[in-house]
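Work through the exercises below with the sequence and the 3D view side by side, and try each task before you read its solution.

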Amino acid sequence: MSYTNPNARCPVCGDNVFFYQSPHGGRVYFDELDPPWPKHPCADQTTIPDRPFDLPQNHTYSWQKQGWTPFEVKKVRAEAAGLPSLYFTVIEGTTPRIPITVHVIEPSFYERIHEDEALIFSHLKPEFPDEVSISFLDNNNDEFKVRGFFSLSAARQEHDRQHYRAPKKPKITGNSESPPVH
């Protein structure tokens with residue numbers, strides 16, 4: 001079972017930090033729970049924090065100011081996208097009180113997210129009306145980001161735009177008439 005203490009103090013310097021212990025026993029202190037997931041530089045990973053601190057009620061973290069919101073992943077599945085070998089990763093999850101489904105077109109993402117049985121943290125940030133960025137922290141405390149789309153059709157359009165660009169028309173220079181044949 002994992003454990004998160006959002007009211008921890010660094011045992012070395014006394015700064016307010018976030019403490020996380022993974023289901024596999026790994027422990028880490030963070031300065032903030034947000035992309036780019038800054039680890040606290042001086043913490044000893046073998047000490048479990050036990051002293052809470054009080055944050056001001058109106059405290060806003062930098063990740064909140066940048067438009068990120070927590071995103072809890074509930075289910076991950078592959079979904080066929082109309083071509084024999086084309087599939088997208090579909091992530092079902094929630095932001096606070098709002099269920100969301102996101103379609104990710106990066107092929108390697110499905111394998112990576114399935115290898116990590118428990119993604120530690122994830123945040124979602126709206127980019128365009130039908131597009132979001134999702135930032136994950138995996139069990140190795142490494143961050144990775146992906147682009148996602150709320151609809152399968154928007155994901156398919158982006159995939160097609162990236163992979164099936166129209167060929168460039170040849171440039172015509174000089175006189176457009178054919179040269180005379182002698």
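## Exercise 1: A salt bridge and its surroundings

Lys74 is exposed, because its relative accessibility is 53% and the class exposed begins over 50%, while buried means under 20% relative accessible area and partly exposed lies in between (1.4 Å probe, protein chains only). Before going on, note that this is a predicted model, in which local features need pLDDT of at least 70 and side-chain atom pairs count only at pLDDT 80 or more, whereas totals for chains, interfaces and linings use all residues. Residues are numbered from 1 along each chain as its sequence is written, and side-chain values use heavy atoms, with hydrogens and water left out.

Task: find the salt-bridge partner of Lys74 and state how exposed that partner is.

Solution. Begin with the general idea that side chains of opposite charge can pair when their charged atoms come close. A salt bridge is counted when a side-chain nitrogen of Lys or Arg is within 4 Å of a carboxyl oxygen of Asp or Glu. Lys74 meets this rule with Glu72, since the closest N and O atoms are 3.5 Å apart. Glu72 has a relative accessibility of 46%, and therefore counts as partly exposed.

## Exercise 2: A link between two strands

Task: how many salt bridges are there by this rule, and which elements hold Glu131 and Arg147?

Solution. The count comes to seven salt bridges. One of them joins Glu131 to Arg147, with the closest N and O atoms 2.7 Å apart. This pair links distant parts of the chain, as Glu131 lies in strand β9 (residues 131-137) and Arg147 in strand β10 (residues 143-149), 16 residues apart. Strands (E, at least two residues) and helices (H or I, at least four) are DSSP runs, numbered from the N terminus. Glu131 is buried, because its relative accessible area is 13%, whereas Arg147 at 26% is partly exposed. Through shared partners, salt bridges join Glu131, Arg147, Glu158 and Arg161 into one network.

## Exercise 3: A residue of helix α3

Task: which residues does Gln162 touch beyond its neighbours within four places in sequence?

Solution. First locate Gln162, which belongs to helix α3 (residues 152-163). With a relative accessibility of 32%, Gln162 is partly exposed. Once the neighbours within four places are set aside, Gln162 is in contact with Ile105 and Arg147, where contact means heavy atoms within 4.5 Å.

## Exercise 4: Cysteines

Task: how many disulfides does the structure hold?

Solution. A disulfide is a pair of cysteine sulfur atoms within 2.5 Å, and the structure holds zero of them. Cys10 is buried at 1% relative accessible area, while Cys13 is partly exposed at 39%.
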